[in-house]
Amino acid sequence: MTTTIQAIDDVVGYHARPVADAGSFSVDAHRLTVITGPNGSGKTTLLKTIAGLLPATSGRVTPRLPHGAGGVVFVHSTPYLFAGTAGHNIQLACGRDHQRARELLTTLNLEQLRNSDVRRLSTGERQRVAIARALAAEPRLLVIDEPEGGLDANGMDTWRRILEQALLAGRPSIVIATHQLAALAGLPLNVVPLPRGDSTTTRSR
């Protein structure tokens, strides 16, 4: 198993105020790391710490990857999109590689929305655009907060295929926070639970 990053005795929080004790775990190339727990347990805080957007209150995440292309990309549960069309957002991340942009539009079933203003997209459509844009950066590590948010059945099927392909290829390594473990059945998982008010242990399966 190829390890992309490791969290070592990680306690996460804001301004030295601990929110969650995540303990130690690794993020591996061929295994999906899943952060679970009730609302308020610190899932988003842990994701931001893994992505290098927040420092750990104690412990560390190693190595620290650069942000953006070839490094780590974070997708929020309510992702920010640039003004313009869905296609424009994806093309920005692809640069001059128009073929790559077309492939991602196809992969995320966004061809029919290529010229749609992102302000008019549904929550699930915006999420798919954000995931496509993140993949366009070809990150080593992709961190996503509740990727299933707003996705319909077809969107969930598409997301499942993306996960399967990434796990088979070993890139990008993926960390997600989710409440829907059942939708990930059959995938190789490393589950990091964050129970409210309890010490955190790491379970693998």
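Biologist: Why is Thr33 called buried?
Modeller: The relative accessible area of Thr33 is 0%. Buried means under 20%, exposed over 50%, and partly exposed in between, with a 1.4 Å probe and protein chains only. Thr33 therefore counts as buried. The model is predicted, and local features need pLDDT of at least 70, side-chain atom pairs pLDDT 80 or more, whereas totals for chains, interfaces and linings use all residues. Residues are numbered from 1 along each chain as its sequence is written, and side-chain values use heavy atoms, without hydrogens and water.

Biologist: Where does Thr33 lie, and with which residues is Thr33 in contact?
Modeller: Thr33 belongs to strand E3 (residues 32-36). Helices (H or I, at least four residues) and strands (E, at least two) are DSSP runs numbered from the N terminus. Contact means heavy atoms within 4.5 Å. Neighbours within four places in sequence aside, Thr33 is in contact with Phe25, Ser26, Val27, Asp28, Ile174, Val175, Ile176, Asn190 and Val192.

Biologist: Which residues touch the most other members of the largest nonpolar core?
Modeller: A nonpolar core is a set of buried Ala, Val, Leu, Ile, Met, Phe, Trp, Tyr and Cys residues joined through side-chain atoms within 4.5 Å. The largest core holds 39 residues, of which Leu32, Ile90, Leu110, Leu142, Trp159, Ile176 and Leu184 touch the most other members. Helix H4 gives the most to this core, with seven residues. Another core, of 21 residues, lies apart from it, and Ile5, Ala22, Ile35 and Leu194 are among its members. As for Ile176, its contacts beyond four places in sequence are Leu32, Thr33, Val34, Ile35, Leu47, Ile144, Pro147, Trp159 and Leu184.

Biologist: Why are H2 and H4 called roughly parallel?
Modeller: Two packed helices are described by the angle between their axes and the distance between the axes. Axes are lines fitted to C-alpha atoms, for helices over the stretch in contact, and angles run from 0 to 180 degrees between N-to-C directions. H2 and H4 pack at about 15°, with their axes 8 Å apart. Angles under 35 degrees count as roughly parallel, over 145 as roughly antiparallel, 65 to 115 as roughly perpendicular and the rest as oblique. H2 and H4 are therefore roughly parallel to each other. Ala86, Asn89, Ile90, Ala93 and Cys94 of H2 make the contact with Val129, Ala132, Arg133 and Ala136 of H4.

Biologist: Which residues of H2 are buried, and what covers them?
Modeller: Ala86, Gly87, Asn89, Ile90, Gln91 and Cys94 are the buried residues in H2. Their cover includes H3 and H4. Just after H2, Gly95 takes a positive phi of about 65°.

Biologist: Why is the pair of Tyr80 and Phe82 called edge-to-face?
Modeller: The structure holds one aromatic pair. The ring centres of Tyr80 and Phe82 are 5.6 Å apart and the planes stand at 90°. Rings of Phe, Tyr and Trp (its six-membered ring) pair if their centres lie within 6.5 Å; planes under 30 degrees apart count as stacked, over 60 as edge-to-face and the rest as tilted. Both values meet these limits, so the pair is edge-to-face. Tyr80, at 60% relative accessibility, is exposed, whereas Phe82, at 36%, is partly exposed.

Biologist: How do you know that Asn109 and Glu138 are partly exposed?
Modeller: Asn109 has a relative accessible area of 30% and Glu138 has 49%. Each value lies between the two limits, so both residues count as partly exposed. Neither is a glycine, yet phi is positive, at about 55° for Asn109 and about 50° for Glu138. Asn109 sits in the loop between helix H3 (98-107) and helix H4 (123-136), and Glu138 in the loop between H4 and strand E6 (141-145).
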